[in-house]
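Try each task first, then read the solution.

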Amino acid sequence: MSPPLLQVNDLKKHFPVKTGLFSRKSEFVYAVDGVSLEIARGETLSLVGESGCGKSTVGRAILRLFDITSGQVILDGKRIDDAAPGTMRQMRRRVQVVFQDPFSSLNPRMRVRDILAEPIRNFGLAKSAEDLEVRVTALMDTVRLPREALNRRPHEFSGGQRQRIGIARALAAEPELIVCDEAVSALDVSVKAQIVNLLQDLQSEFGLALLFISHDLAIVEHMTHRVAVMYLGKIVEVAPRRDIFAAPRHPYTKALLSAVPLPEPGAQRNPIILKGDVPSPINPPSGCRFHTRCPFVFDRCRTEEPTLRVAGAEQWVACHLEEGAPTAA
Ligand SMILES: Nc1ncnc2c1ncn2[C@@H]1O[C@H](COP(=O)(O)OP(=O)(O)O)[C@@H](O)[C@H]1O
Ligand SMILES: [Mg+2]
């Protein structure tokens, strides 16, 4: 059996922070604190949770934008968290990224043609100048932008069009996995849907895998295969889309879901209002990190950390209410 495309094992990323001017004690932001996940070839895994819970840090660790504190990131069976520069080059081609704000990630002085040509040249993918031109034009067709736009610069486009350019640039490297970090969050509702549809089409056309990071659970409802819910640096629930939306098990997932509008007009889910804000990841709460906001909290939650347990065919939940289920690993 071939290994999954991506495997993340017990990933931790703790950022050192200075607390007081004269403080000698070093403190850490426990941004990601033991995350494990897998993505199969051609699969979309959505990573959701409130702002600050560590989603982007997971994405950046996979893109290897920094050294991780501990754990493993494995691409197609090979560790990339400690990879040598030669291996890293290949891996950088295979895993691409689309960020929230294409304006800050697209060089405003470059024409679209050069923006798209850059990764093709960097990774030596074109056989000739003609091949380069063929590839660049094909990318425009793929993301449904007019070929004439190749000679324009990013500021001449709308937000949605810029995001198409960002996607084309990611595709130029012929990746197997694209990390989409809040890729549609800044767009208007109708444009959001267009970009989500485009990503879905590209996924089936090219057999791409997506790590779709979003603070908004509603946006992933119609496109994802599985959902992983994060809270304060940890995954609290992982399940296929159907189960997350029809039968969420973790109280935090239920709360996130209760804010998602139902399709029938006037229909409403039972609202679960969470108390307060997400606590600081510098001093995360003891036991279950969600206990300070959980409507179902009991004694054990304050002292003992729950582990991910089997809750359904492919559903895993880290909650003491799931008592009795076998633990993961
Ligand atoms: N470079 C950094 N240095 C210190 N703290 C950071 C850094 N990057 C992120 N953090 C902190 O880590 C936590 C998780 O951040 P992030 O992964 O961006 O969350 P999300 O993407 O879910 O909003 C936040 O508390 C954030 O302030
Ligand atoms: Mg983020």
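**Exercise 1.** Which residue in β12 does R309 stand opposite?

Solution. Keep in mind that this is a predicted model. Start with the strands: β11 covers residues 309-310, and β12 covers residues 316-317. Next, look at how they are joined. There are 2 bridges between β11 and β12, and the two strands run antiparallel. Now find the partner. R309 stands opposite V317 in β12.

**Exercise 2.** Give the strand order of the open sheet of 8 strands, and explain why one side of β6 and of β11 is left without a neighbour in the sheet.

Solution. Write down the order: β6-β7-β8-β3-β9-β10-β12-β11. The pairing in this sheet is mixed. Then look at the ends. β6 (95-98) and β11 (309-310) are the edge strands. Each has a single partner strand, so one side of each lacks a neighbour in the sheet.

**Exercise 3.** What is the order of the open sheet of 4 strands, and how many bridges does β1 share with β2 and with β4?

Solution. The order is β2-β1-β4-β5, with antiparallel pairing. The edge strands are β2 and β5 (78-79), and each pairs on one side only. Now count the bridges. β1 and β2 pair over 10 bridges, in the antiparallel sense. One facing pair is F15 and V29, the latter in β2. On to β4. Strand β1 (residues 6-17) is joined to β4 (residues 70-75) by 5 bridges. L6 has L75 as its bridge partner in β4. K12 has S70 as its partner there. α1 lies across β1, β2 and β4, at about 115 degrees to β1.

**Exercise 4.** Which residues are around ligand 1, and where do its oxygen atoms meet N or O atoms of G52, C53 and S56?

Solution. List the residues around the ligand: F15, V29, A31, E50, S51, G52, C53, G54, K55, S56, T57 and P281. Sort them by type: 5 are nonpolar, 5 polar and 2 charged. Note that F15 and V29, which stand opposite each other, are both on the list.

Next, go through the contacts:

- G52: a backbone N or O atom is 2.6 Å from an oxygen atom of ligand 1.
- C53: a backbone N or O atom is 3.2 Å from an oxygen atom of the ligand.
- S56: an N or O atom of the side chain is 2.8 Å from a ligand oxygen atom.

Then check the cover. On its own, ligand 1 has 560 Å² of accessible area, and the protein covers 65% of it.

Last, ask where the shell comes from. β2 (27-39) and α1 (55-62) are the elements that give two or more residues. The largest share, 3 residues, comes from α1.

Methods: Residues numbered from 1 in each chain as written. Chains lettered and ligands numbered in written order. Predicted model: local features only at pLDDT ≥ 70, side-chain atom pairs only at ≥ 80, totals over all residues. Heavy atoms only, no water. Near = heavy atom within 4 Å. Polar contact = N/O pair within 3.5 Å; in protein donor to acceptor, adjacent residues only side chain to side chain. Areas by Shrake-Rupley, 256 points an atom, 1.4 Å probe, with all protein chains shown as cover. Nonpolar A, V, L, I, M, F, W, Y, C, P; charged D, E, K, R; others polar. Pairing = 2+ DSSP bridges. Contact = heavy atoms within 4.5 Å. Axes fitted to C-alpha atoms, helices over the stretch in contact; angles between N-to-C directions.
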